Amino acid sequence: MSIADFARRCAVALLFVVLALLAYALAQVLLLIFGAALIAVVLRALAAPIRRWTRVPDHTAVMLAVLVLLLLLAAAGALFGAGMTQDFDALQSQLARGWAALQAKLGGSVLGNNLLEWLREATPSSRDVASRFGSFLGTLGSALANLIIALFAGVYLALSPSLYVEGIAMLFPRSHHDQLIAAMRNAGRALNLWLIGQLVAMLLVGVLTAAGLWLVGVPSALALGLIAGITEFIPFVGPVAAAIPGLLIALTVSPEMMVYALAVYVIVQQAEGNLITPLIVRRTVSIPPALTLLGVLAAGVLFGPLGVLLAAPLVVVAFVLVKRLYVRDTLGHTVDIPGE
């Protein structure tokens with residue numbers, strides 16, 4: 001190997017290292033861009049039937065999809081907003097009572113007293129609470145600003161997706177353009193299918209949880225069902241997080257009610273894992289559960305809460321790109337590509 005070839009390879013390796021470090025430093029920005037891409041996928045999915053039914057141009061269909069989405073959100077707010085506000089107000093007070101009831105139960109044993117003592121030591125003082133609350137408000141404001149940016153960026157991406165796909169492909173050698181464009185389109189279609197399946201699963205889990213908790217007599221069942229449906233978007237972590245407020249509220253009624261509520265959450269998750277998800281996967285995208293779990297853990301460690309929130313769709317995109325660009329196009333194996 002000549003000195004020039006060695007130097008060229010070292011330069012390429014150094015470039016990849018620099019790009020990896022830059023990507024890590026800009027992780028939050030890249031996640032925001034990915035969130036905008038998710039919004040664009042949703043808008044394109046809504047625009048497709050509008051375009052077929054009305055025969056309007058593509059740009060017009062996307063803007064009509066934005067309008068339809070806003071109208072649906074406004075209608076949902078008008079129909080359920082007042083009731084949900086009351087439920088969440090009641091939920092807040094019931095959670096406080098549930099926490100007090102849990103403290104009373106723990107206080108009856110040595111192990112419980114030790115746990116309560118540890119919690120008291122870990123609880124911040126009022127000054128710390130005020131400081132953290134101010135920090136929380138700043139974080140919330142930043143998150144809302146990022147959400148608005150992602151929404152506008154998502155609209156722009158949805159209006160001209162080919163422009164950005166071809167722009168990314170132009171960063172690579174011309175000989176790989178067709179493969180990259182095809183892979184990104186496969187990833188987009190797979191993400192679309194996954195989102196449809198996920199929305200159906202979220203709806204079913206929310207409805208089943210609300211109905212089950214209402215049947216056993218847990219207060220604020222509708223609000224708890226909404227929480228369960230929304231957190232279903234986050235694999236593994238979401239269902240556990242959704243069950244905590246429901247169990248605390250059930251404890252305010254009685255320990256037996258807490259057991260009934262736990263049974264509802266377990267039954268709904270068993271139905272989701274063994275019936276709902278397999279039926280949905282037949283028509284959408286199948287990702288190995290272990291791969292999804294590892295993706296959630298890795299995204300949480302590397303990128304924090306936003307990484308956990310976007311971990312599942314990130315795994316979908318990475319899964320498709322690796323299978324298409326590496327397993328099939330590089331190694332030559334015959335594999336099925338989700339979204340192809």
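This is a predicted model: local features need pLDDT of at least 70, side-chain atom pairs count only at pLDDT 80 or more; totals for chains, interfaces and linings use all residues.
The crossing in which α7 passes α8 is right-handed.

The contact is formed on the α7 side by Met 202, Val 205, Gly 206, Thr 209, Ala 210, Leu 213 and Trp 214, which meet Ala 221, Leu 222, Leu 224, Gly 225, Ala 228, Gly 229 and Ile 230 of α8. When the residues of this contact between α7 and α8 are sorted by class, ten are nonpolar and four are polar, while no charged residues are found.

Helix α7 also takes part in the lining of the second largest pocket, where it is one of the elements that give two or more residues, together with α2 (27-54), α5 (126-159), α6 (161-169), α11 (289-303) and α13 (311-328). This pocket holds about 2,000 Å³ of space and is lined by 44 residues, of which Ala 37, Val 165, Ile 168, Met 184 and Val 317 lie nearest its centre. Among the contributing elements, α2 gives the most to the lining, with twelve residues. By class, the lining of the second largest pocket comprises 36 nonpolar residues, alongside four polar and four charged ones.

Notes: Residues are numbered from 1 along each chain as its sequence is written. Side-chain values use heavy atoms; hydrogens and water are left out. A crossing is left-handed if the near helix is turned anticlockwise from the far one by less than a right angle, and right-handed if clockwise. Helices (H or I, at least four residues) and strands (E, at least two) are DSSP runs, numbered from the N terminus. Contact means heavy atoms within 4.5 Å. Ala, Val, Leu, Ile, Met, Phe, Trp, Tyr, Cys and Pro count as nonpolar, Asp, Glu, Lys and Arg as charged, and the others, Gly among them, as polar. On a 1 Å grid over the protein atoms alone, a cavity is a set of points where a 1.4 Å probe fits but cannot get out, and a pocket is an open set with protein on both sides within 12 Å along at least five of seven lines; lining residues have an atom within 4 Å of a point. Grid points are joined across faces, edges and corners, and a volume is the space filled by probe spheres set on the points.
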